[in-house]
Structures are given as C-alpha cells and as structure tokens.
Amino acid sequence: MTENRELHGEVAGLLLAAGGGRRLGGRPKALLTHRGRPLVEHAVGVLRAAGCGRIHVVLGAAADEVRARAELVGCVLVDNPDWAEGMGSSLRAGLASLAGTGARAALAGLVDQPGIGPAAAARVLGAYRDERSLVSAAYDGVRGHPVLFGAAHWAGIAETATGDRGARTYLQAHRAELRLVECGDVAEPYDIDTEADLSHLE
C-alpha cells in the first residue's frame, strides 16, 4: 500500500471546472448543487479518494463565486480567463499550471460527470507507469473520462487542445499508445449539460 501511495504521488489530479453552463441558462456547472454541496467539491473528492495528493482545479465562469462558496482547501486553483473558448483552453491552463511541480502525470476529470466516482478514477490511476503513460477510462469499450496524461504528452496535447475538443485530437493521433481501462461496471459517464440532465443530481 505504501508503494502505491508513493507511486500515485507522482500523479496530480486535474479538474476542469470552468464551464459556464450555457445550455443550463448560464449556471456555472461547478456551482450546481449535488448532495448538498457545490458539484466542484464532489469532483475534487473523487480525485482525492482515487489517490491524487495534489489537485489543480481550473476555474472560469463565476470563478470568484466558486472560490467563495466551495470548500477547496488544499487544492491549487487555476484561473482560465479564456474559459469561454471551450474545454481546450482549460486543459491548456491546467497542464501549464502543473509545470515545475514534479508531477509526472495528470489524471484529468470533468466537473459535470458525477456518475464517475472514485472506483473508476482509481482504475485509471492504477494503470499509470511513468511519464509516457496515456490511459483512458472506457465505457463498453468507448473512450471516456477520466484520462491520465503522462508528462511526456503534455506539450503535444497543449498544441492540439482547441475549442471543446480538449485532448480528443491528440488521443486519436496516439491511439496505438492509449490504454483503455474498462469502467462501465463501476461508473456512468453521463454529462450534466441540459435542464433534463439535472435529474441526475442528488
């Protein structure tokens, strides 16, 4: 167990929580209520329970309000002034914030997927080997989140992360290196994108 803790100390959690909830009437997703607390707190708890010691949270829409309302003690909060450009800008900001921290990989999750809990995140984290690791959760064989990016991939991901594509372009180009870890038995990868999706929140 000690060996696992030391190994996982090399992997930082990276939570993308900057979205403005355009299809939710402009309600920032980080501040949606889940189990009585802001959704961003739940998502941080998932990464922490999975084994990430260091967690960077990328904020954008209503960042000041998120800082005021959410308890994110121990997290590094990263402001993304370009959050409206899409997930790609948040991924770039998050990876840049990890430079010089000693992290050899980032386990990246999305704030609006509360159906993905610690069990799935821990499985992906458990597939980490070194800075060349490239690992993704899969649901019935289909790639999803969270995704683990070894540090050797960060520059390439940042170059191709535009709009709402995030790391998709990079992952497609490096399919041969990507390891899929099936998580469909322990998680549900739905997004909270529309009013109808709010029924998933507790």
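In this predicted model, a salt bridge joins the side chains of Asp-79 and Arg-67, with an N to O distance of 2.7 Å. Asp-79 belongs to strand β5 (residues 76-79) and Arg-67 to helix α3 (residues 63-69), so the contact ties together parts twelve residues apart in sequence. Asp-79 is partly exposed, at 43% relative accessible area. Arg-67 is also partly exposed, at 34%.

The whole structure holds 13 salt bridges. Another of them pairs the side chains of Lys-29 and Asp-112, at 2.8 Å from N to O. This pair links distant parts of the chain, 83 residues apart. Lys-29 sits in the loop between β1 and β2 (33-34), and Asp-112 in the loop between β6 and α5 (118-126). Lys-29 is buried, with a relative accessible area of 13%. Asp-112 is buried as well, at 8%.

Arg-132 and Asp-130 form a further salt bridge, their closest N and O atoms lying 2.6 Å apart. Here Arg-132 is exposed, at 56% relative accessible area, whereas Asp-130 counts as buried, at 17%.

Two or more lining residues come from each of β1 (11-17), α4 (87-98), β6 (105-110), β8 (142-150) and α7 (168-173). Strand β8 contributes the most, with five residues. By type, the lining divides into 14 nonpolar, ten polar and eleven charged residues.

Terms used
Residues numbered from 1 in each chain as written. Predicted model: local features only at pLDDT ≥ 70, side-chain atom pairs only at ≥ 80, totals over all residues. Heavy atoms only, no water. Helix = DSSP H or I, 4+ residues; strand = E, 2+ residues; numbered from the N terminus. Nonpolar A, V, L, I, M, F, W, Y, C, P; charged D, E, K, R; others polar. Salt bridge = Lys/Arg side-chain N within 4 Å of Asp/Glu carboxyl O. Buried < 20%, exposed > 50% of the residue type's maximum accessible area, 1.4 Å probe, protein only.
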